[in-house]
Amino acid sequence: ITVKNGLASDELVANVPGDPFYENQLLSSNPELGTYFWAEPYQYIYTANAIIKGLEVSTGVTHELKEQLMGEALFIRAFCYFYLVNDFGDVPMHLSTDFQENAKSVRMPREEVYKQIIADLQKSETLLEAGYSLSLGERVRPSKWSAIALLARVYIYTEQWALAETKASQLISNTTDFQLLQDVNQVFLKNSQESIWQLMPVRSNLNTMEGFRFIATNTPVATETISNTLLNAFEVGDLRYDN
């Protein structure tokens, strides 16, 4: 999503000719679009729906754990729909595990999808723990602050400015858990205080695909590089540019 949307928006430049995202020649039959942008999010949404349904009838977990897991599932469902609606606009909305009904579902107006995203995030905010104790201090599971941060962004995207300010202010005022770091090279490290939610590494030879592709130790040989337009957008003295 980072790379291909970066190419489509001209923030990145394709160094290999013919990239359909970069050349604005994207077809619905494109395998990357069909797999990574469409099929995978709906797989995660189906899993989240299965967790929600299972927790509603489960008697085998404590009340506290049930609330946390329910909050995480609602957050993940909202997170996936946020990217789906921004990449595709109107999209089918699956809120159950009935795959036969889901297969027949039609696109819902993006406004309705956003309403569901907001409802999921509002509920998850009330269910999720405020800290990171369940993940032993690591920021690899959604917390209350993850829901608040995404709600702030969703309110911006839906032009609900006052609500966006309220949620963002909640996060900014939590100076115990979050701080702006003076050393910008520390920002994306494990458990950085600028981080709200991180993904645990799943490959032994790299932590994130962004780190693997975007950190050039010599002349870039990657299939994509930063565009001059984005480079020139940095203000003088921006430490991110200097570093």
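1. Let's start with helix 5, residues 110-127, in this predicted model. Helices here are DSSP runs of H or I with at least four residues, strands are runs of E with at least two, and both are numbered from the N terminus. The expected span of a helix is 1.5 Å times one less than its number of residues. For the 18 residues of helix 5 that gives 26 Å, and the end C-alpha atoms are 26 Å apart, so the two values agree.

2. A word on the ground rules, before going on. Residues are numbered from 1 along each chain as its sequence is written. Because the model is predicted, local features need pLDDT of at least 70 and side-chain atom pairs count only at pLDDT 80 or more, while totals for chains, interfaces and linings use all residues; side-chain values use heavy atoms, with hydrogens and water left out.

3. Which residues of helix 5 are buried? They are Val113, Tyr114, Gln116, Ile117, Ile118, Asp120, Leu121, Ser124, Glu125 and Leu127. Buried means under 20% relative accessible area, exposed means over 50%, and partly exposed lies in between (1.4 Å probe, protein chains only). The cover over these residues includes helix 3 (63-88), strand 2 (91-92), strand 3 (107-108), helix 6 (144-157) and helix 7 (161-172). Val113, for one, is in contact (heavy atoms within 4.5 Å) with Tyr81, Val85, Val91, Met93 and Met108, leaving out residues up to four places away in sequence.

4. Helix 6 also passes the length check: its 14 residues should span 20 Å, and its end C-alpha atoms are 20 Å apart. Of those 14 residues, 10 are buried, so helix 6 is largely enclosed by the rest of the structure. Trp145, Ser146, Ala147, Ile148, Ala149, Leu150, Leu151, Ala152, Val154 and Tyr155 are the buried ones. Helix 3, helix 5 and helix 7 are among the elements that cover them.

5. In soluble globular proteins, nonpolar side chains tend to be buried together.

6. Phe75 deserves a look of its own. This residue is in helix 3 and is buried, with a relative accessible area of 2%. Its C-alpha atom is separated by 6.0 Å from that of Ser124, 49 residues apart along the chain. Beyond residues up to four places away in sequence, Phe75 touches Leu121, Ser124, Pro142, Ser146, Ala147, Leu150 and Trp197.

7. Two backbone angles are worth checking. Most residues other than glycine have a negative phi. Asp10 has a positive phi of about 70° although it is not a glycine; this residue is in the loop between helix 1 (2-8) and strand 1 (12-14) and is partly exposed, at 42% relative accessibility. Glu159 has a positive phi of about 60°, is found in the loop between helix 6 and helix 7, and is exposed, with a relative accessible area of 55%.

8. Where is Glu224 placed? Glu224 is in strand 4 (residues 224-226), and counts as buried at 5% relative accessibility. Leaving aside neighbours within four places in sequence, Glu224 is in contact with Val3, Leu7, Leu12, Val13, Asn15, Arg213 and Phe214.

9. Finally, the second largest pocket. A pocket is an open set of points, on a 1 Å grid over the protein atoms alone, with protein on both sides within 12 Å along at least five of seven lines; lining residues have an atom within 4 Å of a point. The volume of this pocket is about 170 Å³, taken as the space filled by probe spheres set on the points. The lining consists of Asn5, Ala8, Phe21, Leu26, Ser28, Leu33, Gly34, Phe37, Asp87 and Phe88. Helix 1, helix 2 and helix 3 each supply at least two of the lining residues, and the largest share, three residues, comes from helix 2.

Methods: 1 Å grid on protein atoms, 1.4 Å probe; cavity = no way out; pocket = protein on both sides within 12 Å on 5 of 7 lines; lining within 4 Å.
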